[in-house]
Amino acid sequence: MTTEQKIIELNKIAQEIKAFKGLDIAKAAKNPVPGEGNPDAKILFIGEAPGAQEDATGRPFVGQSGQLMTRILLESTGLKREDVFIANIVKYRPPDN
């Protein structure tokens, strides 16, 4: 599969996640957080669930922890966020998280 095909497939998955409202957790969240990054990445970071910043933006690991991860990744490996793929197991911020 080419990179372009992977991007198309990831976008389809993201649209399905955004359209899903079948659980209370999905109804309560502001934005789903499907994941982002390089579809050909050799490194995948998986977090537990989106926090407040992630819920507000719809992007994974953009809060304090994400900023720390980005800095450590760059300083220790020279890789940038866009070089890896970042996602969460849970795609919606849990209530009272």
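Colleague: Is E9 buried, partly exposed or exposed?

Modeller: E9 counts as partly exposed, at 35% relative accessibility. Buried means under 20% relative accessible area and exposed means over 50%, with partly exposed in between (1.4 Å probe, protein chains only). Bear in mind that this is a predicted model, where local features need pLDDT of at least 70 and side-chain atom pairs count only at pLDDT 80 or more, while totals for chains, interfaces and linings use all residues. Residues are numbered from 1 along each chain as its sequence is written, and side-chain values use heavy atoms, with hydrogens and water left out.

Colleague: Which residue does E9 form a salt bridge with?

Modeller: K12, with the closest N and O atoms 3.3 Å apart. A salt bridge here is a side-chain nitrogen of Lys or Arg within 4 Å of a carboxyl oxygen of Asp or Glu. K12 and E9 are three residues apart in helix 1, so about one helical turn separates them. K12 is partly exposed too, at 45%.

Colleague: Where do K6 and D40 lie?

Modeller: K6 is in helix 1 (residues 3-19), and D40 is in the loop between strand 1 (36-37) and strand 2 (44-47), so the pair ties together parts that are 34 residues apart in sequence. Helices (H or I, at least four residues) and strands (E, at least two) are DSSP runs, numbered from the N terminus. K6 counts as partly exposed at 25%, and D40 also falls in that class at 32%.

Colleague: OK, switching to R81. What does its side chain meet in a salt bridge?

Modeller: E36, at 3.0 Å from N to O. This pair links distant parts of the chain, 45 residues apart: R81 sits in the loop between helix 4 (64-77) and strand 3 (85-88), and E36 in strand 1. R81 counts as buried at 14%, whereas E36 is partly exposed at 22%. Through shared partners, salt bridges join E36, R59 and R81 into one network.

Colleague: And the sheet, what's the strand order?

Modeller: The order is 1-3-2, in an open sheet of three strands with mixed pairing. Strand 1 and strand 2 are at the edges with a single partner strand each, so one side of each has no neighbour in the sheet.

Colleague: Which residue is the bridge partner of E36 in strand 3?

Modeller: I86. Strand 1 and strand 3 run antiparallel in their pairing, over two bridges; two strands pair if DSSP finds at least two bridges between them.
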